[in-house]
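My notes follow in the order in which I looked.

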Amino acid sequence: MLATRIPMERDGFDAWLAAPLPGLDAIADPRAMYAGWGADGSVPDWDLTELADYPAAVAAIRADRERTPLELLAARAAGGFTLARHHDGALEIYLYDYHGESSTTHTELLMLAGAGRFARPGTESPVMFWGGDVDPGLPPRGHLPLVVMVVVGSGPARFVETYPVHELTDSLRTVEQAFLAAVVEGDAESYGWDPSQVLDPAIRAVVPARD
């Protein structure tokens, strides 16, 4: 699960949507992803070596990393549970994946690391990634997320081992509330999703139809 609010003008947001994802050099210390957090000591598989026996999976992941944020967000929004919009002078993101896998998280972190160059000058915005088993909400007090990544406006993003998590989650509550408000009653075993307030019109216009 990922959430952030990055101060950004509308033209910067549109430019970010259309820009290719950056390479791994957009993050100063990618191997430090888990340092200091719940999975401290784990080594992130940015190079996909653990998937070497599954070339089709590797090819699909690498293809995703050649896409734009607009393409990635529209594709995932087709399945719901995606808040991605320009709102009140900022890029707002809140992405929920039940039992998501790490390569998707890495791709989305690269996507958001690339947002730094379009952010309002002089700002620095944290991107929170946390493990949510069932509840699609921000981690409650006392339950630390796996990692916080700070997106630097004009330089590489960096992972940090500590961060004032409670202040960060408090600052993201309005984004969380908008995300949760988009969940609507579905059938007996699933939930529906109303994207009208949580997907930016530029993204909503290109969301592929569900099968």
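I call a residue buried under 20% relative accessible area, exposed over 50% and partly exposed in between, with a 1.4 Å probe and protein chains only. The model is predicted, so I kept to its limits: local features need pLDDT of at least 70, side-chain atom pairs count only at pLDDT 80 or more, and totals for chains, interfaces and linings use all residues. Residues are numbered from 1 along each chain as its sequence is written, and side-chain values use heavy atoms, with hydrogens and water left out.

**Entry 1, the glycine.** I looked up Gly 137 and found that its relative accessible area is 9%, so Gly 137 is buried. Gly 137 sits in the loop between strand E4 (124-129) and strand E5 (147-152), where helices (H or I, at least four residues) and strands (E, at least two) are DSSP runs numbered from the N terminus. Leaving aside residues up to four places away in sequence, Gly 137 touches Met 1, Tyr 94, Trp 130 and Glu 176, a contact being heavy atoms within 4.5 Å.

How many aromatic pairs does a search of the whole structure find? The search finds six, where rings of Phe, Tyr and Trp (its six-membered ring) pair if their centres lie within 6.5 Å, and planes under 30 degrees apart count as stacked, over 60 as edge-to-face and the rest as tilted. Phe 81 and Tyr 96 make an edge-to-face pair, because their planes stand at 70 degrees, with the ring centres 6.1 Å apart. Phe 81 is in the loop between helix H3 (69-77) and strand E2 (82-87), and Tyr 96 is in the loop between strand E3 (90-95) and helix H4 (102-113), so this pair ties together parts that are 15 residues apart in sequence. Phe 81 is partly exposed at 23% relative accessibility, whereas Tyr 96 is buried at 11%.

I then looked at Phe 179 and Trp 193, whose pair is tilted, with 5.1 Å centre to centre and 55 degrees between the planes. Phe 179 belongs to helix H6 (residues 173-181) and Trp 193 to strand E8 (residues 191-193), so the pair ties together parts that are 14 residues apart in sequence. Both Phe 179 and Trp 193 are buried. Ring pairs join Phe 81, Tyr 94, Tyr 96, Trp 130, Phe 179 and Trp 193 into a cluster.

Asp 88 is in the loop between E2 and E3, and with a relative accessible area of 63% Asp 88 is exposed.

I found H3 and H4 packed at an angle of about 135 degrees, with their axes 11 Å apart; axes are lines fitted to C-alpha atoms, for helices over the stretch in contact, and angles run from 0 to 180 degrees between N-to-C directions. That makes H3 oblique to H4, since angles under 35 degrees count as roughly parallel, over 145 as roughly antiparallel, 65 to 115 as roughly perpendicular and the rest as oblique. Pro 69, Leu 72, Leu 73 and Arg 76 of H3 make the contact with Thr 107, Glu 108 and Met 111 of H4.
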